[in-house]
Amino acid sequence: MEPIFLYDTTLRDGTQGESINFSAQEKINIAKRLDELGIHYIEGGWPGSNPRDMQFFELARKTAFSQARITAFGATRRPGITPAQDENLQALIASGTQAVTLVGKSWDLHVAIMNNTLEENLKMISESIRYLKDQDREVIYDAEHFFDGYKENPDYAMQTLAAAIESGANFLVLCDTNGGTLHYDIETIVQRVHAALADHQTPHKPGAGVRLGIHAHNDCASAVANTISAIRAGAVMVQGTINGYGERCGNADMTSIIPILCCKMNRPCVSLDQLATLKKVSRYVSETANMTPLNSRPFVGRSAFAHKGGIHVSAIVKQPKAYEHMEPGIVGNSRRVLVSDMSGKTNVEYKARELGVSLEGNGVDSREIVNEIKRLEQEGFQFDVADGSLKILLQKLTGQFKPLFTLENYRISMEKDRDEHAWAHAITKVSVEGQKEMTTAEGDGPVNALDNALRKVMKKFYPHLGLDALRLVDYKVRVIDGRDATAAKVRVIIDSRDHEDIWTTTGVSTDIIEASWQALSDSFQYKLSKDLLAVENSSAVESPSLVNS
């Protein structure tokens with residue numbers, strides 16, 4: 001069975017998604033991660049379209065990749081000129097990549113829209129590919145709008161593929177550019193194309209036949225299904241993006257396709273060690289794109305292996321496969337048990353073990369903890385999305401919480417100048433082991449000012465802990481019950497991270513600043529406790545060696 005080739009277009013097609021933009025250096029950094037993941041082809045961009053992409057290819061030439069082929073993307077020559085006269089093709093050659101992807105028209109509708117003729121379009125395809133093959137390039141031909149074109153005029157769509165084959169294209173990639181074709185049509189059409197081209201000899205490699213690929217968009221929420229259907233029908237190249245980023249509704253999501261191929265279809269395309277880095281790669285790309293990771297994303301999302309119902313949790317404690325389709329660690333993810341008002345005793349006990357909180361020997365029954373959690377959730381708290389606050393709550397309920405600071409008071413004021421610039425002042429007074437400290441700070445808003453003030457004083461008391469790495473990456477406010485209008489309770493949820501972890505904390509109050517303070521202070525307590533424990537463990541490990549020496 002022929003291997004599957006993974007072709008990632010996050011750095012070009014992915015950047016066509018709204019609000020997604022990468023610098024040239026960021027694209028290099030992502031390309032390195034994709035190479036480590038085991039991607040075979042990494043499409044770096046369109047060198048003929050903008051200076052940034054040309055800068056990427058310049059940097060790529062100086063960067064060592066272990067297995068991936070960096071690929072430049074462009075279009076067939078313009079009508080009425082030779083390939084040597086086409087600036088776009090010259091830019092592709094100048095990019096210096098071993099592989100080049102050319103996109104051409106397969107749908108006669110688009111040929112007409114361009115005021116071109118069907119005959120000239122075929123010449124554009126064949127002459128452009130032949131020109132690049134003469135330059136010793138591997139050529140991947142993307143047949144744009146192929147499925148729409150095939151459904152309306154199959155004869156001409158096949159003629160465009162024949163032109164690409166006879167000119168030496170290494171791969172023919174069938175594109176569902178509008179994302180409107182459903183999986184059963186994809187499979188049928190790819191089967192027909194595969195059968196029609198099975199005996200077609202490629203000039204660059206006689207006897208090899210034709211290798212097909214699939215490029216699916218997600219406008220009908222079926223890009224992954226369409227990709228899998230194409231593979232079943234004979235495609236061996238998969239084009240997609242990390243996290244499914246892309247224009248409109250996005251592209252086929254590589255973070256789903258790769259584990260499906262490896263774990264469900266017995267078509268391994270990366271090693272097990274590489275597969276175990278999938279979640280990290282997903283997170284890295286989302287952070288670089290400044291996009292909040294989608295919790296419900298299959299395989300790599302935080303909720304992908306999360307369990308909330310008490311019956312479910314009771315079952316997975318005994319046999320995980322009862323409610324999990326695969327072992328989460330295979331893709332670098334982990335099982336999560338959520339604690340909420342739907343939780344049972346098993347949820348709390350499992351979650352306490354996961355968070356490192358002992359429920360033994362403290363005189364508190366786990367049922368009492370369940371009841372208290374349910375009471376607090378009735379008040380508006382939501383612990384299934386706030387592991388940081390949940391850990392602190394469990395420590396408090398079992399008498400194990402050791403606050404590293406205590407709030408005495410805080411004050412917030414807002415100012416606005418004649419130029420409409422507004423900013424906030426925060427004054428906080430906290431105590432640490434009986435020592436009180438008052439701090440002031442400014443910020444772009446009241447929460448930012450509180451964050452700056454608390455960070456400032458904590459650095460004074462705990463200079464040896466890693467507060468410089470602490471970042472607030474998301475801040476959400478939800479009105480719990482709008483019937484009370486401006487007097488309604490609000491829930492604040494804050495996502496924080498450092499170099500190793502990400503955690504979530506929450507607060508509830510009728511005062512949005514107070515709710516924010518609760519979530520913010522929990523985040524700092526969580527971070528300081530975590531780092532303090534790491535320092536203590538490090539000291540405990542080092543002490544025996546000092547004694548023995």
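**Ground rules.** I number residues from 1 along each chain as its sequence is written. For this predicted model I take local features only at pLDDT of at least 70 and side-chain atom pairs only at pLDDT 80 or more, while totals for chains, interfaces and linings use all residues, and side-chain values use heavy atoms, with hydrogens and water left out.

**Confidence.** I looked up pLDDT, the predictor's confidence in each residue, from 0 to 100. The protein chain averages 89, and 94% of the residues score at least 70. Residues 543-549 have a pLDDT below 50, and beyond near neighbours in sequence this stretch has 0 contacts in the model. I count a contact when heavy atoms lie within 4.5 Å. Where pLDDT is low, the predicted coordinates should not be read in detail.

**Helices α8 and α9.** I take helices (H or I, at least four residues) and strands (E, at least two) as DSSP runs, numbered from the N terminus. Helix α8 spans residues 183-197, and α9 spans 223-232. Their axes are 8 Å apart and the packing angle is about 25°. My axes are lines fitted to C-alpha atoms, for helices over the stretch in contact, with angles from 0 to 180 degrees between N-to-C directions. Angles under 35 degrees count as roughly parallel, over 145 as roughly antiparallel, 65 to 115 as roughly perpendicular and the rest as oblique. The pair α8 and α9 is therefore roughly parallel.

Which residues make the contact of α8 with α9? From α8 I list H183, I186, E187 and V190; from α9, A225, N226, S229, A230 and R232. I sort them by class: Ala, Val, Leu, Ile, Met, Phe, Trp, Tyr, Cys and Pro are nonpolar, Asp, Glu, Lys and Arg are charged, and the others, Gly among them, are polar. This contact has 4 nonpolar, 3 polar and 2 charged residues.

**Helices α7 and α8.** Helix α7 covers residues 154-166. The axes of α7 and α8 come within 12 Å and cross at roughly 45°, so I note the two helices as oblique to each other. M158, L161 and I165 in α7 meet V193, A196 and L197 in α8. The residues of this contact are 6 nonpolar, no polar and no charged.

**R192.** I found R192 in helix α8. Buried means under 20% relative accessible area, exposed over 50%, and partly exposed in between (1.4 Å probe, protein chains only). R192 has a relative accessible area of 48%, so I call R192 partly exposed.

**S222.** S222 sits in the loop between β7 (212-216) and α9. Is S222 buried or exposed? S222 is buried, because the relative accessible area is 9%. Leaving out residues up to four places away in sequence, S222 touches T181 and L182.

**Positive phi.** N115 is not a glycine, yet phi is positive, about 55°. N115 lies in the loop between α4 (108-113) and α5 (118-134). With 74% relative accessible area, N115 is exposed. H145, also a residue other than glycine, has a positive phi near 55°. I placed H145 in the loop between β5 (138-144) and α6 (146-152). H145 counts as buried, at 5% relative accessibility.
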